Amino acid sequence: PDGKLPPFTPDGQKRVDALAAARGRPAHGPEDRSLGERCILGFNAGPPMTPSAYNNNVQLFQTAGYVVIFNEMVHNARIVPLDGRPHGTISQWHGDPRGRWEGDTLVVDTTQFYRETSLAGSSASMRLVERFTRVDADTLLYEFTVDNPSVWTKPWTAQIPMKKSRDQMYEYACHEGNYGM
């Protein structure tokens with residue numbers, strides 16, 4: 001009645017129902033618009049990262065205690081601690097990642113999603129495990145496993161080879177000309 005959306009539920013269902021209802025009427029505010037339209041999540045920025053028509057460039061770099069996964073799409077930079085700390089308790093748009101090395105493979109375990117991600121069918125209760133393994137000098141194998149019992153009957157895995165690029169990463173000016181807002 002007051003234009004406010006109902007609170008989130010752990011599985012995000014009430015929020016999804018409210019968004020569907022909100023799309024059938026003029027928006028009361030930006031919260032009624034999709035996450036992509038609000039430039040919070042990009043359709044291929046993840047997590048998990050899935051290829052699409054453009055802005056697929058990803059850069060990984062490591063400091064003493066962290067790995068950063070930087071996506072060209074929506075300038076998403078996930079900062080992944082490598083120090084063995086437990087997951088936090090605050091939900092975030094891109095989840096709460098924790099990383100570790102298993103031999104030559106970087107493993108990133110992410111929980112505590114605020115609500116759905118850019119992955120169709122995901123919800124706040126999703127657990128995502130990503131693996132980055134260098135296959136050769138020009139190929140990084142990206143593998144992710146999605147575990148979300150409220151949506152899928154069992155965990156599932158996908159693999160995407162990522163080819164090294166010498167191209168520059170460019171700013172993704174999402175709000176520029178965003179007349180939907």
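Biologist: Where does Pro 48 sit?

Modeller: Pro 48 lies in the loop between α1 (13-22) and β1. Those names go to DSSP runs counted from the N terminus: helices are H or I with at least four residues, strands are E with at least two. A caution: this is a predicted model, with pLDDT of at least 70 needed for local features and 80 or more for side-chain atom pairs, while totals for chains, interfaces and linings use all residues. Numbering starts from 1 along each chain as its sequence is written, and side-chain values use heavy atoms, with hydrogens and water left out.

Biologist: What makes the peptide bond from Pro 47 to Pro 48 worth a look?

Modeller: That bond is cis, with omega near -10°. Most peptide bonds are trans, and most residues other than glycine have a negative phi.

Biologist: What is the phi of Asn 55, and is that residue buried or exposed?

Modeller: Asn 55 has a positive phi, near 55°, though it isn't a glycine. Like Pro 48, Asn 55 is in the loop between α1 and β1. "Buried" means under 20% relative accessible area, "exposed" over 50% and "partly exposed" in between, with a 1.4 Å probe and protein chains only. Asn 55 has 17%, so it counts as buried.

Biologist: What makes β5 a mostly covered strand?

Modeller: Seven of its seven residues, 105-111, are buried. Thr 105, Val 107, Asp 109 and Thr 111 point one way, while Leu 106, Val 108 and Thr 110 point the other.

Biologist: Which strands form the open sheet that contains β5?

Modeller: Five strands, in the order β4-β5-β6-β7-β8, with antiparallel pairing. β5 is joined to β6 by six bridges, with Thr 110 partnered by Leu 128. Eight bridges connect β7 (139-147) with β8, where Thr 145 faces Thr 157.

Biologist: Why are β4 and β8 called edge strands?

Modeller: β4 (96-102) and β8 (156-163) each pair on one side only.

Biologist: Which strands make up the sheet of three?

Modeller: That open sheet runs β1-β2-β3, also paired antiparallel. β1 and β3 (77-81) are at the edges, each with a single partner strand, so one side of each has no neighbour in the sheet. Between β2 and β3 there are five bridges, and Phe 70 stands opposite Ala 77.

Biologist: Which residues touch the most other members of the largest nonpolar core?

Modeller: Ile 69, Phe 132 and Tyr 142, out of 17 residues. β7 gives the most to this core, three residues. A nonpolar core is a set of buried Ala, Val, Leu, Ile, Met, Phe, Trp, Tyr and Cys residues joined through side-chain atoms within 4.5 Å.

Biologist: How many residues line the largest pocket?

Modeller: There are 35, and Val 58, Leu 60, Leu 140, Met 162 and Lys 163 lie nearest its centre. On a 1 Å grid over the protein atoms alone, a pocket is an open set of points where a 1.4 Å probe fits, with protein on both sides within 12 Å along at least five of seven lines; lining residues have an atom within 4 Å of a point. β1 supplies the largest share of the lining, five residues.

Biologist: How many of the lining residues are nonpolar, polar and charged?

Modeller: The lining has 16 nonpolar, twelve polar and seven charged residues. Asp, Glu, Lys and Arg count as charged; Ala, Val, Leu, Ile, Met, Phe, Trp, Tyr, Cys and Pro as nonpolar; the others, Gly among them, as polar.

Notes. Two strands pair if DSSP finds at least two bridges between them.
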